[in-house]
Amino acid sequence: MARILVVDDEPHVTRVTRMALERAGHEVVVAGNGEEALAALEAGAFEAMVTDITMPGMTGLELCERVRHQLELEAMPIFVVTSRVEDEFRNWARAFSRLEFVEKPLSLRRLVARLEASLAEEKATT
């Protein structure tokens, strides 16, 4: 079981993502925006984060940058959910370790499988 932070400004997205991850046996904390996510990350430990890219205020990209550089959480896998994975995003992502794009429409089964594979890989290397 892993503790996972799900960040999205759309409540129906966080609700179904939470349900899928909880059914897979994970503990899920939800944040409605980047600021809430940073507060949650500062308050407790998480094994992974799933974030939308398009949110009001702090974008998912800005959140990822702050997680990696400000909070120094380099080892935590981050899954960025987006409807478009353009070359500029792929180039931006190369600067980060353990960051994956998950394209919309979101397949919850695929997200859970990729997240669990990433967590298993991390466990195998530690």
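**View 1. Five strands of the predicted model form an open, parallel sheet in the order S2-S1-S3-S4-S5.** Strands, like helices, are DSSP runs numbered from the N terminus (strands E, at least two residues; helices H or I, at least four), and two strands pair if DSSP finds at least two bridges between them. S2 and strand S5 (99-103) stand at the edges with a single partner strand each, so one side of each is left without a neighbour in the sheet. From one strand to the next the twist averages 20°, where axes are lines fitted to C-alpha atoms, for helices over the stretch in contact, and angles run from 0 to 180 degrees between N-to-C directions. Because this is a predicted model, local features need pLDDT of at least 70 and side-chain atom pairs count only at pLDDT 80 or more, whereas totals for chains, interfaces and linings use all residues. Residues are numbered from 1 along each chain as its sequence is written, and side-chain values use heavy atoms, with hydrogens and water left out.

**View 2. Strands S1 and S3 run parallel and are joined by four bridges.** Val7 has Thr51 of S3 as its bridge partner. Helix H3 packs on the sheet, where it touches S1, S3, strand S4 (78-82) and S5, and its direction makes about 155° with that of S3. Helix H5 (residues 108-125) lies across S1, S3, S4 and S5 and runs at about 170° to S5.

**View 3. Helix H2 (residues 34-43) has as its buried residues Gly34, Ala37, Leu38, Ala40 and Leu41.** These cover an arc of only 165° around the axis, which puts them on the same side of H2; the arc is that of the directions from the helix axis to the C-beta atoms. Buried means under 20% relative accessible area and exposed over 50%, with partly exposed in between (1.4 Å probe, protein chains only). On the other side of H2, Glu42 and Ala43 are exposed. The buried residues of H2 pack against strands S1 (3-7), S2 (27-31) and S3 (48-52) and against helix H3 (60-70), a contact being heavy atoms within 4.5 Å.

**View 4. Thr82 lies in strand S4.** With 2% relative accessibility, Thr82 counts as buried. Apart from its neighbours within four places in sequence, Thr82 is in contact with Ile53, Phe101, Val102, Glu103 and Lys104. In the chain as a whole, buried residues make up 43% of the 126 residues.
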